[in-house]
Amino acid sequence: MLTANEIRSRFLRYFEERNHTLVASSPLIPHNDPTLLFINAGMNQFKDVFLGREKRDYVRASSAQKCVRAGGKHNDLENVGRTARHHTFFEMLGNFSFGDYFKEDAIRYAWEFLTEEMKLPVGKLWITVFQDDDEAFAIWRDQIGLPEERVIRMDEKDNFWSMGDTGPCGPCSEIHIDQGENMTCGPDCGIGSCDCDRYLELWNLVFMQFDRSADGVLTPLPKPSIDTGMGLERIAAVVQGVQSNYDCDLLRGIIAYVEKLSGKDYGADEEQDVSMRVIADHSRATAFLIADGVLPSNEGRGYVLRRIMRRAARHAKMLG
């Protein structure tokens with residue numbers, strides 16, 4: 001069984017072997033971007049490259065980016081502990097093309113990594129594409145060889161990505177894995193029909209090919225780009241054969257330590273399990289935020305950290 005560290009290393013090595021420059025994770029505090037409270041995606045540190053404001057000496061990159069989603073537009077704080085997937089802190093694996101390769105290679109790389117490197121079963125993988133993206137649909141069907149019924153067209157809400165109200169945007173294609181009927185939420189369970197974990201999204205491939213103007217007009221970009229993201233905790237749980245991110249090796253060890261400190265057994269009581277998951281997640285977020293220079297305070301980033309720490313402490317008190 002692969003550990004999360006091994007999965008991260010294999011991901012970065014796979015793309016390095018395909019001429020991607022390995023770029024270190026940026027700090028959680030955004031550099032020169034007042035629109036962001038914390039880094040919340042792999043593409044954040046490349047934003048100016050995508051916008052054409054900055055030029056780097058490479059056109060392909062890959063990274064394992066540390067992220068926090070606990071404030072602003074992406075705020076998962078209150079869901080943490082209640083679900084198998086939500087986190088305040090997580091790592092995002094990503095590969096990026098700045099005007100170099102586009103849909104065909106992005107799709108091929110993702111499929112090859114998941115099916116050959118990670119050995120995921122082809123028969124359990126499902127794809128979504130934007131409803132008008134005939135090009136991506138055809139690549140999945142004709143080049144990858146998936147049957148049409150496993151490539152699902154979705155609307156703009158689900159499969160069209162925008163950096164903001166204006167600027168670079170484009171359709172996206174997501175790779176999902178069917179985790180089995182035991183994870184189903186009922187007779188209407190299906191991609192686009194529910195939010196349960198049976199059909200789990202693993203990897204989002206964003207095809208940045210338009211510039212949206214203030215009046216909503218989409219103009220093709222002269223150099224379309226690629227931005228992809230896959231949560232390390234999520235792929236680790238799938239590869240390790242567990243049905244919750246909190247059971248993968250990145251988090252289970254922390255939960256075991258909480259068990260030791262509290263004298264309680266994980267799995268014995270659902271409310272206690274929620275508290276243990278909260279403490280495991282929030283302790284990681286706290287450690288990485290403080291390491292990157294955030295300290296508890298009454299405003300801004302420090303206030304978010306303070307809320308995370310207080311929520312963890314409250315759940316520790318609930319555990320006794």
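**Notebook: strand 9 and its surroundings**

I began with a hairpin, which joins strand 8 to strand 9 through four residues. I keep in mind that this model is predicted. Strand 8 covers residues 160–162 and pairs with strand 9 in the antiparallel sense, over three bridges. I found Phe160 opposite Pro171 of strand 9.

Next I looked up the other partners of strand 9. Strand 10, residues 199–212, runs antiparallel to strand 9, and 10 bridges join them. I noted Glu174, whose bridge partner in strand 10 is Asn204. Strand 6 is also antiparallel to strand 9, with five bridges between them. Here I picked out Leu125, which has Ile177 of strand 9 as its bridge partner.

Is strand 9 enclosed or open? I checked residues 167–178: 12 of the 12 are buried, so strand 9 is largely enclosed by the rest of the structure.

I then followed strand 6 the other way. Strand 6 (residues 125–130) pairs with strand 7 (residues 151–154) in the parallel sense, over four bridges. The chain gets from strand 6 to strand 7 through helix 4, residues 134–144, and this β-α-β crossover is right-handed. I saw that Phe130 stands opposite Met154 in strand 7.

Last, I turned to two helices. His315 sits in helix 9, residues 300–318. Its relative accessibility is 4%, so I count His315 as buried. Leaving out residues up to four places away in sequence, His315 touches Val274, Ser275, Val278 and Ile279.

Ile290 belongs to helix 8, residues 270–291. Its relative accessibility is 38%, so I count Ile290 as partly exposed. With Leu295 and Met309, Ile290 forms a nonpolar surface patch; together they have about 260 Å² of accessible area.

Terms used. Residues numbered from 1 in each chain as written. Predicted model: local features only at pLDDT ≥ 70, side-chain atom pairs only at ≥ 80, totals over all residues. Heavy atoms only, no water. Patch = residues over 30% accessible without salt bridge, like charges linked within 9 Å, V, L, I, M, F, W, Y side chains within 5 Å. Areas by Shrake-Rupley, 256 points an atom, 1.4 Å probe, with all protein chains shown as cover. Salt bridge = Lys/Arg side-chain N within 4 Å of Asp/Glu carboxyl O. Buried < 20%, exposed > 50% of the residue type's maximum accessible area, 1.4 Å probe, protein only. Pairing = 2+ DSSP bridges. Right-handed = clockwise from strand over helix to strand, strands pointing away. Contact = heavy atoms within 4.5 Å.
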